[in-house]
Amino acid sequence: MEQPGFDYIIVGAGAAGSVLANRLSADPQIQVLLIEAGSKDTEPAIHDPGGFVSLWGSDLDWNLSTTDQPGLGGRAITINQGKVLGGGTAINAMMYVRGNPANFNEWEAMGATGWGYQSVLPYFKKSENFATGASEFHATGGELSIRECPDDVMRSDHFLIGATQLGYDGPNWDYNGARQENGAGLLQFHIDKNNHRDSSASAFLHNISERKNLTIYTNVLVSNVLIDDRKAIGVELLASAGNTEQVFCSKEVILSAGALHTPKILLLSGIGPANELEQNGIPLVADLPGVGKNLQDHLQLPMIYRSKIAMPNTTLLTGNALFVKVREESSVVDLQINFTPSLPEPLAPVLPDLGGPVCIFLPILVQPKSRGEVTLRSANPADKPVVNPNYLDQEADVEVLSKAVELVRKLANTPKFLELNGGEMVPGADADIEAFVRSQSTTIWHPAGTCKMGTDAMSVVDAELRVHGIQNLRVADASVMPTVTSGNTVAACFMIGEKAAEMILAAHPVADLKKSLID
C-alpha cells in the first residue's frame, strides 16, 4: 500500500474546514491537506460586503436546486452554497448569530455529550475578535472579525424602538450575549475594520499560507473516502479533467463539505442506508440509515411596506433583528425577524420597480419541524445530490410564519414605526395568509442536520464527531447538528471547527503521531 503523505485530510474549506486546517497545522510537525472543490477566493466581489448577490448562480456557487416542494405549491428552490475557498462564508450575507443557548443544551440531551451551551461558549469566543470589546460572552484577539451593523443607513430606530414599544427588550440587545430571546438589537456581521468581508479563508487561511506543513488543493472534487478494513485511510480525487487520484493520511479524514455534500461523499463511500446504496450499485461498507436524513433548513418570508422616509440604498441585506418564540409549544426561539429600512443595493438589480421608497421585514422560521433528506442522483461523483427539504410539510411551520405576519403588522403599527410606515404592500391587508406563506417562502440557505450527532439509530456521528463504525473518519460541519440552531448557522459552524480541532488533537498527541509514521 502507498505510504501516507499527510497526517490529516480535510474535505471542504468552509467555516469549519478552514478553522480545522488552521488549528491542526499550527504544529509544524503535523502535515495537513485541505481540499476545496472550488477555486481560490480571488474574485473581488467576495471581499466587497455588497458584492455577494452577484456571486449567486456563478461558478463560485454549487447551484443546487431542491426537488419540487408540495408545501411550497410545487416550487423548486435554489439553495446557494459556496464553491470556493471559504465555502459559504465567501458568498453569504455575513450575519453572525450563534443561536440560542437552549439549542446546544438540546443537542446534549439528544446524546451529544459535551455540546451544551456552557461547553461550547469557549469555542465561540476562541475565534472571535469582537469590535465592541471582551466580556463574559465575547472575546477579542481571535482571527474572525465580528462587528455590529457597520452600515449607518441600515440601523433603524423605528424598528428597534418599535419592538420595545411591544414589550421586547432593546433597542441595544446583544442576542449573542446572556439571552437571545425577546430582544431587538443590531445584527452582528463577520466584516473586518476595513469594511471587507471576513470569510473563513481570509480569517483562517490567508495568514498561514506560508506554512510548509499545510497543503491546499483547489478545483478538486473528492469522490469518496478510501476505506480499508473499516478504517479511513485517504480519499479519491476527481480533477476537472476527469482524472482520478488517491491521497492517503496516517490519522484521520475529516469531512467538512457541508450538509448537502458531506452525506453525498459518505454515500459514495458505501456509508449510509443499505437499500439506497444497493439501488445505486455501491458496495456497502457501513449500514448507517441516518446518512442524508434529518435535513432541516430555515425559511424566510419577505414582507414589504411603503416607507414615508426616502433613504439611500444599503450595502447589506439587513441590519436589525428581533428574536422571539411565537408558538407556546416551542422550547426555544422559533422566529427571527430581520429588518431593512431601505432597499438593499445588492438586490436592486433583481427586484422590480417598487414605485418609491420601501422598507422590508424578513421573518425567518428558525426552528422548522419539517424534515427532509439528501440522496444520490447516481453513483457518478460529478452528479449533484438530490435535495428534498420537505419544506412546510409540518403545519407547525406554517403556524410560525403565519404568526410572524401578525407580529410584523403589530410592530409596524407601534407609535415609533408609524413615523416610517407608509402602508403594507406585501402581502397586503386582504391576503390569504397561508397562501402567502406557501407561495412566497424561500430558503435562507442554512441546510443542516444530515449527519447528526447522537446515540440513536438514526445518528451518524458520536459526540466526538466520529462516524459510527468507521475508524479515523469524522464529520465537522452543519450536518452534525441534531437540530438546526435558532439563527444563521455560520457562527455555529466556526464553533464546530474549533471544538473538532481540539478533540482531534487530544486524540492524537504529536509524539504518538510521529512514532506511528516511523514504525
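The model is predicted: local features need pLDDT of at least 70, side-chain atom pairs count only at pLDDT 80 or more, and totals for chains, interfaces and linings use all residues. Residues are numbered from 1 along each chain as its sequence is written, and side-chain values use heavy atoms, with hydrogens and water left out.

An automatic or database domain assignment sets the domain bounds. The centres of the two domains, taken over C-alpha atoms, are 31 Å apart.

| Domain | Residues |
|---|---|
| Domain 1 | 1-145 + 197-294 + 374-379 + 448-519 |
| Domain 2 | 150-186 + 299-367 + 393-440 |

In the contact (heavy atoms within 4.5 Å), domain 1 supplies 28 residues and domain 2 supplies 24 residues. Together the domains bury about 2000 Å², with 52% of it on carbon and sulfur atoms; buried area is the accessible area (1.4 Å probe) that two parts lose on being put together, summed over both. On the side of domain 1, Val53, Asn100 and Ser486 lose the most area to domain 2, together 21% of what that side buries.

The model has 14 aromatic pairs, counted when rings of Phe, Tyr and Trp (its six-membered ring) have centres within 6.5 Å; planes under 30 degrees apart are stacked, over 60 edge-to-face and the rest tilted. Phe159 and Phe339 are stacked, because their ring centres are 5.2 Å apart and their planes are at 5°.
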